[in-house]
Amino acid sequence: MDYRGVRRVLFSYVLIHGDIYLRCSPKKWEVVQRTLNGSQFYSYSVCNVGEREQDNWLRTTFIQRRLSASRVLVELQFVVRDCNSFGGASLTCKETFNLYSSEADADVGTTFRKGQFKKVATIAPDEITRKNQLQINTETRVVDGLSRKGFYLAFQDIGACVAILSLRVYYKTCPATVKSLAVFPETVAGGENQALRKVDGVCMENAVSEEVPRIYCTVDGEWAVLVGQCQCKEGYEEKDAVCQECQLGFFKASASSEMCEPCPANTQGLSSGDPVCPCMPGFYRAPDDPPTGPCSGLPSAPLDLLATTTQLSAGRLLLSWSPPDDTGGRDDLTYSVDCRRCEVTVCQPCGEKVRYEPASTGLTDTRVSVSQLDAHLNYTFTVNTHNGVSQTASKVSTGALVPRATASLTTTLRYTDPPTVTSMRLDERRPTSLSLSWVVSPRHRAPPRTFRYELTYRKKDDNLNMTTYTVLILDRTSVLVSDLAPSTTYMFRVQPITEGGTGGSIMEDEFETLPDAQAPSNTTVIFGAAVGGAAMLFIVAVVLFVRKRQQRILNIKRIYPLFSRRNSHSRQGPEDAYFSSSEQLKPLKTYVDPHTYEDPNTAVLKFASEIHPNHISKQKVIGAGE
C-alpha cells in the first residue's frame, strides 16, 4: 500500500493567458513566447535592470481554499538572468524576487492593495542563465496558517530579469488506506500548529478490535504511528486484506491474526466458518479442556486384577491390577474400588468398617491395601477406571447407557487369627468389684479354636509415668475383677491372643465402682433399713421391760429385807437364782402349773414370790384330784 502524500491542486498554469494574471504596472510584466528544445511555451517576464527603484507586482486570481487545508504549497518554475550579462548598464540589477500572499473571503476582482499582502519568501535561483544557456529553476514554498475561504498570491520584482514559466498551488493529503484490516479515510495533512493529525479508523466487515484503531497523518501527507489493529473474528481468517470464512473442516476459536486450523482429533466440522469443532459421537471434552483441543474417549477396563493376602496381618489383602489397553487418549487416569460382602445369598456394601490405604477413590497407582475384613465371607471387589471425561460422559449421556470400565473378582479370607472385640459392657458393679463381659466378631465363622484374652486394667487418674497395670489372661469373654477401690474409675483394655501369642484388635473402655456406703440396689437398702429399725425398737423395749422389773424387785427387797434374806437361804432352785441376782436377764415366767407341785401352797409361793407369805390365804380349791 502506498502511504505517500497525495497532492490536491488548487491553482495551476503552464500556458499563460492574459486573463489569469493582473499586471499592476503596465508594460512591466509581459507575456513572452519562447522556444525551448523545439517547443514553444509562454511565460510572464520582466527585465527592467537599467532602471532604479523597481516595484513591479504580478497577482494571481482568487484561489479558493479547501476548508481543512490550512497549509498550501507553492511550486514555481522560473528563469533568472545573470546580472553580469548586462555589463555596466546593470548597476541596479537584482537576481531575486519576492513571493506574497493575502487572504480573503471573496473575490475582490481587480482591486489591488499592497498593504493587504504579507511576504512569504524571497525567491532566489539555484542556477542563473548566462547568455544563451537557459537554466530553469524549480522552488517550492509553504504558505501556512490559512483560515479564510480563499487567498491571493503575488510576485514582486525589485529589479531582476525574471521569467515565470509555471505556477502550481496545492495541498497534501494522506491517502485513504486500509491497514491491519482497518479503513482510514483520506485526510488533509496538518499544518505547522498540528504536525500530526490523529485519524480514527473503522474495522472491515467481520473484523473486530478491542480499541478503536487510529493512525496519524504527517504534514508531508504520510501515515505514521498506527495504534491498535483489527483482527478477523472467530470463524474468519485474513486473506487478500479481507476476512473470509474458515473452510469446512477448519475452525478459529477467537478473534486473532491467526489463520484457521484443521479440526483436531475426534472432532468434526459442521459448516464453514466454525468457531469450534464439536466432538464426534462417543467422544467428549473435560470442563478444563480447551475448546481447540481434541476430544477424548472413555478408558477400557483394568487388566490382571489380583487379590493377595498377607500373613503379617489378619483381615487384610492387597488388590493390584494393570493399566487398561485403551486410555481414551488421555493421561489423567484414576481408579476407584467398590466392595460388597456376601453371606450365604445376601450381599451388601462393605460399609465404613473396611479400610482402604491410601484411599478407595482417586487412586493414581495400580494397587490398594484393604483391611478390617472378616474371615470366611465372600468379598467382591470392583475396580473402576476413570479419566478426565468420565464425569462429563455421565452428564451428557443422560438416559443413555454409558459403558463402565470395570474389572471384578470375588475372594474369601480363611485366616484363623484372633477375633475382633467389638464392644465391652458392665454386667454388675460393687464398691470393690466389677463384673465385665465383651462381644467378639466373628462368632461362628472361623473353625473351632481356643482363644485367650488379655485383660489389662489400671486406675484412670494414675500418673502415666508411674502407673501400675494389672494383667489377667482369661479363657472366656467375661470376668469378675475384685479388690478394687470404691468410687474409682478404672481403664480396661481387652485383646484377643492366640496360643502363639499373636494379638488381635484392642478394645478399651472405662468403668467406675460404687461408693463404699452404697448398697447394691435401692430395694435392698430400703429392706435392710426397715429390718434394722425394727430390731432396734425390739431391743429397746426388752431393755426397758427388764430394767422396770428389776427396779420393782429392788423396791420389794427394801421393804421386806428379812423375807428376802430368809428366802435366799431356804429356796435355792433355778428360779431363785434368777430372782436373787439383778444381773441375770432370763425370760420371765408368767405361768406356774400347780399339778407339778404336791402342795398347792408351794405352787402359790413359787408364782407370787414377791408377796410376803403372811399376806397370802387360800380361799377355795377348784378341781382338786381327777
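Predicted model: local features only at pLDDT ≥ 70, side-chain atom pairs only at ≥ 80, totals over all residues.
**Entry 1**

I started at N206, which at 21% relative accessibility counts as partly exposed. The cut-off matters here, because buried means under 20%. I looked up where N206 sits, and it is in the loop between β17 and β18 (207-208).

Most residues other than glycine have a negative phi. I went looking for another exception and found L181, a non-glycine with a positive phi of about 60°. L181 also belongs to a loop, the one between β13 (177-179) and β14 (182-184). Is L181 buried or exposed? With a relative accessible area of 4%, L181 is buried.

**Entry 2: a cis peptide**

Next I checked omega. The peptide bond leading from E357 into P358 is cis, and its omega is near 10°. I placed P358 in the loop between β30 and β31 (367-371). For context, most peptide bonds are trans.

**Entry 3: disulfides**

How many disulfides does the model hold? I get a count of 10. I went through some of them by hand.

I took C203 and C230 to begin with; their sulfur atoms are 1.9 Å apart and they form a disulfide. The S-S torsion is -85°, and the link of C203 and C230 is left-handed. Why does this pair tie together separate parts of the chain? C203 lies in strand β17 (residues 202-203) while C230 is in the loop between β20 (223-227) and β21 (231-232), so the parts being tied are 27 residues apart in sequence. C203 is partly exposed at 22% relative accessibility, whereas C230 is buried at 4%.

Then I turned to C279 and C295, which form a disulfide with sulfur atoms 1.9 Å apart. I read a torsion of about -80° about their S-S bond, so this disulfide is left-handed. Both cysteines lie in the loop between β25 (261-262) and β26 (303-309), so the pair ties together parts 16 residues apart in sequence. C295 has a relative accessible area of 3% and is buried.

I finished with C339 and C350, a disulfide with its sulfur atoms 1.9 Å apart. The torsion about the S-S bond is about -55°, so I logged the link of C339 and C350 as left-handed. This pair links distant parts of the chain, 11 residues apart: C339 is in strand β28 (residues 334-343), and C350 is in the loop between β29 (346-349) and β30 (355-357). Are C339 and C350 buried or exposed? Both of them are buried.

**Entry 4: the sheet with β28**

C339 took me to β28, so I traced its sheet, since C339 lies in that strand by the DSSP runs. It is an open sheet of four strands in the order β29-β28-β32-β33, with antiparallel pairing. Which strands stand at the edges? They are β29 and β33 (406-412), and each has a single partner strand, so one side of each is left without a neighbour in the sheet. From one strand to the next, I find a twist that averages 25°.

I looked at the pairing of β28 with strand β32 (residues 378-386), which is antiparallel and runs over nine bridges. Going along it, I saw that R341 stands opposite Y379 in β32.

**Entry 5: the sheet with β36**

I then traced another open sheet of four strands, this one ordered β37-β36-β39-β40 and antiparallel in its pairing. The edge strands are β37 (470-474) and β40 (507-512); each has a single partner strand, so one side of each is left without a neighbour in the sheet. The twist here averages 25° from one strand to the next.

Inside the order, strand β36 (residues 452-459) and strand β39 (residues 489-497) run antiparallel and are joined by eight bridges. I picked out R458, which stands opposite M491 in β39.

**Entry 6: a nonpolar patch**

Last, I went over the surface. F538, I539, V542 and V543 make a nonpolar surface patch of about 370 Å². I placed F538 in helix α2 (residues 522-559). F538 counts as exposed, because its relative accessibility is 57%.

Methods: Residues numbered from 1 in each chain as written. Heavy atoms only, no water. Disulfide = S-S within 2.5 Å. Helix = DSSP H or I, 4+ residues; strand = E, 2+ residues; numbered from the N terminus. Buried < 20%, exposed > 50% of the residue type's maximum accessible area, 1.4 Å probe, protein only. Pairing = 2+ DSSP bridges. Axes fitted to C-alpha atoms, helices over the stretch in contact; angles between N-to-C directions. Patch = residues over 30% accessible without salt bridge, like charges linked within 9 Å, V, L, I, M, F, W, Y side chains within 5 Å. Areas by Shrake-Rupley, 256 points an atom, 1.4 Å probe, with all protein chains shown as cover. Salt bridge = Lys/Arg side-chain N within 4 Å of Asp/Glu carboxyl O.
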